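The following exercises are to be worked with the sequence and the three-dimensional model at hand. Each task is followed by a solution in steps.

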Amino acid sequence: TGTGYFARTPESGKPPANPANEARRTRAQSLAAETGASPTQIALAWLLHQPYPILPLFGTTNPQHLAEILGSTAITLTTEQVRWLRHG
């Protein structure tokens, strides 16, 4: 998600780094720790919980990354969690 933005450690100035996205990443990391999911899985689950049709695109050659990505489809977020991830 976002060229691995949610999976890696903060890299100031690297796209899509800005204060709003940094705060979103922090919230995704927090919810991931709470639920036992990865930040990437939380970000993908958030995309899948939007009120409009969305198709996240991803690519990997790593089987472990693929399993992580596919695991996001099993995550159910509450309406409050979806809202919190977006707005804090």
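**Exercise 1. Burial in helix 2**

Task: Determine how many residues of helix 2 are buried, and which elements they pack against.

Solution. 
Step 1. In this predicted model, helix 2 is mostly covered, with seven of its 10 residues buried.
Step 2. The buried residues are Thr40, Gln41, Ile42, Ala43, Leu44, Ala45 and Trp46.
Step 3. Their packing partners are helix 1, helix 3 (63-71) and helix 4.
Step 4. For the setting, the chain has four helices and zero strands, and its pattern along the sequence is α-α-α-α. Of its 88 residues, 30% count as buried.

**Exercise 2. A polar residue under cover**

Task: Classify Gln41 as buried or exposed, and state which backbone atom its side chain reaches.

Solution. 
Step 1. Gln41 is a residue of helix 2.
Step 2. The relative accessible area of Gln41 is 14%. The cut-off for a buried residue is under 20%, so Gln41 is buried.
Step 3. The side chain of Gln41 reaches the backbone oxygen of Glu68 at a distance of 3.0 Å.
Step 4. With neighbours within four places in sequence set aside, the contacts of Gln41 are Glu68, Gly71, Ser72 and Ile75.

**Exercise 3. Helix 1 against helix 4**

Task: Describe how helix 1 and helix 4 pack, giving the angle and the distance between their axes, and list the residues that meet.

Solution. 
Step 1. The two helices pack at an angle of about 145°, and their axes are 7 Å apart.
Step 2. Helix 1 contributes Arg24, Arg27, Ala28, Ser30 and Leu31, which meet Gln81, Trp84, Leu85, Arg86 and His87 of helix 4.
Step 3. Sorted by class, this contact holds four nonpolar, three polar and three charged residues.
Step 4. Leu31, in helix 1, is buried, with a relative accessible area of 2%. Apart from neighbours within four places in sequence, Leu31 is in contact with Ile42, Leu77, Gln81, Trp84 and Leu85.
Step 5. Leu31 and Leu85 are 54 residues apart in sequence, while their C-alpha atoms lie 8.5 Å apart in space.
Step 6. Arg24 has a further partner: a polar contact of 2.9 Å joins its side chain to that of Asn21. Asn21 is also in helix 1 and counts as buried, at 18% relative accessibility.

**Exercise 4. The nonpolar core**

Task: Name the residues of the largest nonpolar core and the elements that give two or more residues to it.

Solution. 
Step 1. This core has 11 residues in all: Ala28, Leu31, Ala32, Ala37, Ile42, Ala45, Trp46, Ile75, Leu77, Val82 and Leu85.
Step 2. Helix 1, helix 2 and helix 4 are the elements that give two or more residues to the core.
Step 3. Take Trp46 as one of the core residues. Leaving out neighbours within four places in sequence, Trp46 is in contact with Leu77, Val82, Leu85 and Arg86.

**Exercise 5. A loop residue**

Task: State where Thr76 is placed, whether it is buried or exposed, and which residues it touches.

Solution. 
Step 1. Thr76 is placed in the loop between helix 3 and helix 4.
Step 2. Its relative accessible area is 67%. Exposed means over 50%, so Thr76 is exposed.
Step 3. Not counting residues up to four places away in sequence, Thr76 touches His49 and Gln81.
Step 4. Thr76 and His49 are 27 residues apart in sequence and 8.1 Å apart in space, C-alpha to C-alpha.
Step 5. For the chain as a whole, residues 24 or more positions apart account for 56% of the contacts with a separation of 6 or more.

Conventions
Residues numbered from 1 in each chain as written. Predicted model: local features only at pLDDT ≥ 70, side-chain atom pairs only at ≥ 80, totals over all residues. Heavy atoms only, no water. Buried < 20%, exposed > 50% of the residue type's maximum accessible area, 1.4 Å probe, protein only. Polar contact = N/O pair within 3.5 Å; in protein donor to acceptor, adjacent residues only side chain to side chain. Contact = heavy atoms within 4.5 Å. Axes fitted to C-alpha atoms, helices over the stretch in contact; angles between N-to-C directions. Nonpolar A, V, L, I, M, F, W, Y, C, P; charged D, E, K, R; others polar. Core = buried A, V, L, I, M, F, W, Y, C linked by side-chain atoms within 4.5 Å.
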